[in-house]
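I opened my notebook for a friendly look around this model. Here is what I looked up.

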Amino acid sequence: MIHVSIIGATGYTGVELVRLLGLREDVVLDHLTSRTYAGQKIQHLFPHLLGNIDHTCEELDLEQVTTDSDVIFVALPHGHALPIAKKAKEKGKKVIDLGADFRLKDVAVYEEWYKVPHTEPELLEEAVYGLPEWDREAIKDAAVIANPGCFVTSILLGLMPLMKKGWVVPNSIVCDSKSGTSGAGRAGNVANLFTEVESSFKAYGVAHHRHTPEIEQLLTQMAGTDTMIQFTPHLVPMSRGILSTIYATVTGGHTADEIHALFEEAYADEPFVQVLPAGMWPMTKSVKGTNNCQLGVTYDERTGRVIIVSVIDNLMKGAAGQAVQNMNLMFGLAETTGLQMIGLFP
């Protein structure tokens, strides 16, 4: 049995982890922590869990959590995973951080973009970036996993085949992404009220979104050369889902058929990445509630640019689903365990 604790279990990502892990016969949920709802039954806070989950939320007792758990999921804002990961490391336990504390390898870059000090540079050095399609072998042996950002996942999976082959000009990349409101978290925010977002569509974080250096870091690794992108996220009036449209200038001599074939070959054995037939384009509804990423790709001969459309569920492949996929790898399980499901349609 794998003993699991979820720190921040009553946020959107935390409760999605509860949904994914709560019925697994190989998992025991030891501690579900919540500062706001300590002492309350999680199934009363989230009635969709009734009849399946019976667990009381509690305050974080770091000593107890790290004693009882084999793996700890940290579903908290940036800065909060650092002391948890340090304590877990001392006790030989595994941590999967769904925040940003271990994603950026350069401490100075992290502190510049997140405006908090990074107190565990040694742990940062050994943390593994948790995108299985990029480096699943390293994930298997990791003690600390940096679960990728949601926008980042959609963009990296969209570009990885081309970046590894060197078929695009690195600094020509433009990423235009749209997200449902759950991506902003469950905390009260006027900008995310129904009356603010309904029948509306807006850009935010223009030219300074915190996922930018994370995307550039991984694309640089994939390409083997410094890569700078233009990234603009948008908020759309739906609860969950991300659609990223990615544009990049293609290096000479590649056709639409060759590019599409490259994607099919690159992801042929990936259980959660689906390359759609040429001329077919993904929509967020197709992946809702799943750990899947669907990709559509073509080449515009007129402009010399590749166009990639990537969709994921931001709470699944963009957060909790990918975290469970990483846990499966860390414990020697099939990475699809507990994650094989068909999307909700309509």
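Are helix 7 and helix 12 oblique or parallel to each other? I started from the model being a predicted one, where local features need pLDDT of at least 70, side-chain atom pairs count only at pLDDT 80 or more, and totals for chains, interfaces and linings use all residues. Residues are numbered from 1 along each chain as its sequence is written, and side-chain values use heavy atoms, with hydrogens and water left out.

**Entry 1, helix pair.** I found that the axes (lines fitted to C-alpha atoms over the stretch in contact, with angles from 0 to 180 degrees between N-to-C directions) of helix 7 (residues 132–140) and helix 12 (residues 320–330) come within 9 Å and cross at roughly 40 degrees. Helices here are DSSP runs of H or I, at least four residues, and strands are E runs of at least two, numbered from the N terminus. The two helices are therefore oblique; under 35 degrees counts as roughly parallel, over 145 as roughly antiparallel, 65 to 115 as roughly perpendicular and the rest as oblique.

I noted the contact (heavy atoms within 4.5 Å): Pro132, Glu133, Arg136, Ile139 and Lys140 of helix 7 meet Gln322, Gln325, Asn326, Leu329 and Met330 of helix 12.

Ser199, not a glycine, has a positive phi of about 60 degrees, and I placed Ser199 in the loop between helix 9 (194–197) and strand 8 (202–203). I also logged a cis peptide bond between Phe345 and Pro346, with omega about 0 degrees; Pro346 sits in the segment after helix 12.
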